[in-house]
Amino acid sequence: MKQLMLGNEAVARGLYEAGCGFVSSYPGTPSTEITEAAAKYQEIYAEWAPNEKVAMEAAFGAALAGTRSFCGMKHVGLNVAADPLFTIGYTGVNAGMLIGVADDAGMHSSQNEQDSRHYAKSAKIPMVEPADSAEGLAFAKLAYEISERFDTPVLIKMCTRVSHSQSVVEPGERIMPPAKPYEKTPAKYIMMPGNAKRRHPVVEERTKALTEYAETTPLNRVEPGRENTVGILTASTSYQYVKEVVGDRYPVLKLGLAWPMPVKAIRDFAASVEKLVVVEELDGFIEDHCRNLGLDVVGKDTFSMIDELSQNIVAEKLGYPTVSGPKLDVAIPPRPPVMCAGCPHRGLFYTLAKNKLTVMGDIGCYTLGAVAPLAAIDTTICMGASVSGIHGFLKASDPEQSKKTVAVIGDSTFMHSGVTGLINVAYNESNSTIIILDNSITGMTGHQQNPTTGFNLKGDPCTKIDLESLCRAVGIRRVRVVDPYNLSECDQAVKEELQADEPSVIISRRPCALLKYVKHKAPLTVDPEKCKTCKMCMKIGCPAISITGGKAQIDATLCTGCGVCEQLCKFDALCAPKEV
Amino acid sequence: METKNIMIVGVGGQGSLLASKLLGRLLLAKDYDTKVSEVHGMSQRGGSVVTYVRFGDKVYSPIIDKGEADCIVSFELLEAARWTEYLKPGGVIVTNTQQINPMPVITGAAEYPANLVKTMTDAGIQVDAIDALKLAEEAGSSKAVNIVLMGHLSRHFDFTEAEWMDALEKSVPAKFLELNKKAFVLGRNA
């Protein structure tokens, strides 16, 4: 029966139908729902790994054992997993293995706009690239066949618009592939130089065979057009924009196998049209391939390498008219994302801003601590970089700098790659102060469990990693826990740990206010008689507080009664309702 | 049939995902090719959010571009004004009159523009504005603003009330169904 499915859900359905039995991933927008949806199938073992490298190695282990496997991540996660990626390209697999990677052109929720297709080429691993949900399902299934036929892991590349668009899918049955029991094959799986030297030629031969396959695979297709003045070579969501604009006017060669690309099929297509136009998001990846074949193309000289494409951009570049609705003659204030009312990060960031500290930030909801009025963060690079970064920063700075610098990192991000940085802090003895913002969940990606929450992906209770013990075990002697709703406690802890002559960890602990089990107190109220409009309460950037009619006002539908603003008011104008 | 385009805009956390789920169910039941495009992640934290719903005989692009929306449903007034350039000539804006201050307004760095319904109408836009928050509260929960507005949107399309109700039943948990049905009817009759 036809269903609407997110591209990510459709890929998960493809995994299910192909008999996949093992999924290990780290959440990351826009890839997260592949794994969440896969976890809903009883037949699939699915887990959140602490990071993408662990996930990929676990998925490889499962494939080695004979079970079709999958690991999923966002584009920057593939950087973390790049180490195993390049070498499992050499070993090949036993049962099929798929690696899902979701790019984020337009940076809706990411720190950069890297194009993952380059990984396929440099790791010499085939990559399929669906353009909608139906293809997400079909390509995932076909990718397992490619994986086993050519003895290689296969990348399935998504992007925000394919991952997070629902389109029509017709699900099928789950069909289990024949069993592939593990057989000891040292020359294939022990990648020490002698063996690896023998595997590299195998990889190069495999790419040749895959290039032959690319000539005829149903993943690539030509859609005829009425005019041959222009022919368009495209892939992924760009294909949708092209078809939206040109319909069946120009022929289109759509590549569903992003790597390796065919040679003859592209040459033949180019020869059948007067002008070859390549429409692709981000880098000129297909374009470079065409230029290597000596073909003259219109590409990144016309279409930007920056941001997403859209049907209007494609229309303008191809000379079609576009219209626009009325633009209002009034300034519309932007509405950036903000920390939620009741967010436990707020009190801690207020403390950091108040003490005018240099703050090494990390990746998560708390990156919003960089936004006015808190504006409390100096750097955000990648997962774990706060802890490693502060170490180098302090080693290279005047010793006094250690009394005014902290690193902040979330619980999930700390487990991902903060702990290795902390080991460096302890081992190489920098006087760093690390604050772990433990909100008991992976927040930004939409509430995924992690090793510190005590629950696994399927929702079952499991071993809970104890952050305090972990920090002490790696050699940090000063470890303390604070409640970020208590401003004086936060202030005292931060001041004392900055003064200490050794590294410290402060765990700022309170669960995310959006978690269902978190009970909120009654909203605070404002006594307008007492409010002097000093605007102290405005310094924490709480969306529930505003100044209306010259007095502070609290939106009772948003306020969670956290009481942080109450502690800032010197006139007792903000107060919790009296308990009856 | 030419592809129809509906944009659902609002503030992260206002329930646009449920609204688009409802529309998706309705359109699929009518056997249209349908695409619904959402944004997850960072912008859900109280930021400006937009969902694109497209349906017709064959839909390619999952997004709606400037000048293409037949209808923009806005859960908040400022958000309606933000997206007017996406309206097709002759398109309609169905909006909540509720105002939610964005952070630059809260901090005093910017002002919330006054008389936005009039500004939009003066720009030649057909605006259909209702107090959806009041109706949602009347239905039993301020959170039902999304369904009130879906009810009001339904007046601009030819689908029957029974078809909408059928889609609603498939989109919300049983314990909230009565509340949401009430919210839908209040919106449809507003």
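A:Arg335 and B:Glu76 join their side chains in a salt bridge at 3.0 Å, N to O (a side-chain nitrogen of Lys or Arg within 4 Å of a carboxyl oxygen of Asp or Glu). The count between chain A and chain B is 5 salt bridges. This is a predicted model, in which local features need pLDDT of at least 70 and side-chain atom pairs count only at pLDDT 80 or more, while totals for chains, interfaces and linings use all residues. Residues are numbered from 1 along each chain as its sequence is written, chains are lettered from A, and side-chain values use heavy atoms, with hydrogens and water left out.

**Interface**
- In contact (heavy atoms within 4.5 Å) are 56 residues of chain A and 55 residues of chain B.
- About 4600 Å² is buried between chain A and chain B, 61% of it from carbon and sulfur atoms (accessible area, 1.4 Å probe, lost on putting the two parts together, summed over both).
- Of the area that chain A buries against chain B, A:Leu328, A:Pro333 and A:Arg335 supply 17%, more than any other three residues.

**Cavities**
- The structure holds 8 cavities of 30 Å³ or more (sets of points on a 1 Å grid over the protein atoms alone where a 1.4 Å probe fits but cannot get out).
- The largest cavity has a volume of about 120 Å³, the space filled by probe spheres set on the points.
- Its lining has 15 residues, with A:Cys340, A:Cys343, A:Cys365, A:Cys512 and B:Arg45 nearest the centre (lining residues have an atom within 4 Å of a point).

**Confidence**
- The model scores ipTM 0.96 and pTM 0.97.
- Chain B averages a pLDDT of 94, and 97% of the residues score at least 70 (the predictor's confidence in each residue, from 0 to 100).

Conventions
On a 1 Å grid over the protein atoms alone, a cavity is a set of points where a 1.4 Å probe fits but cannot get out, and a pocket is an open set with protein on both sides within 12 Å along at least five of seven lines; lining residues have an atom within 4 Å of a point.
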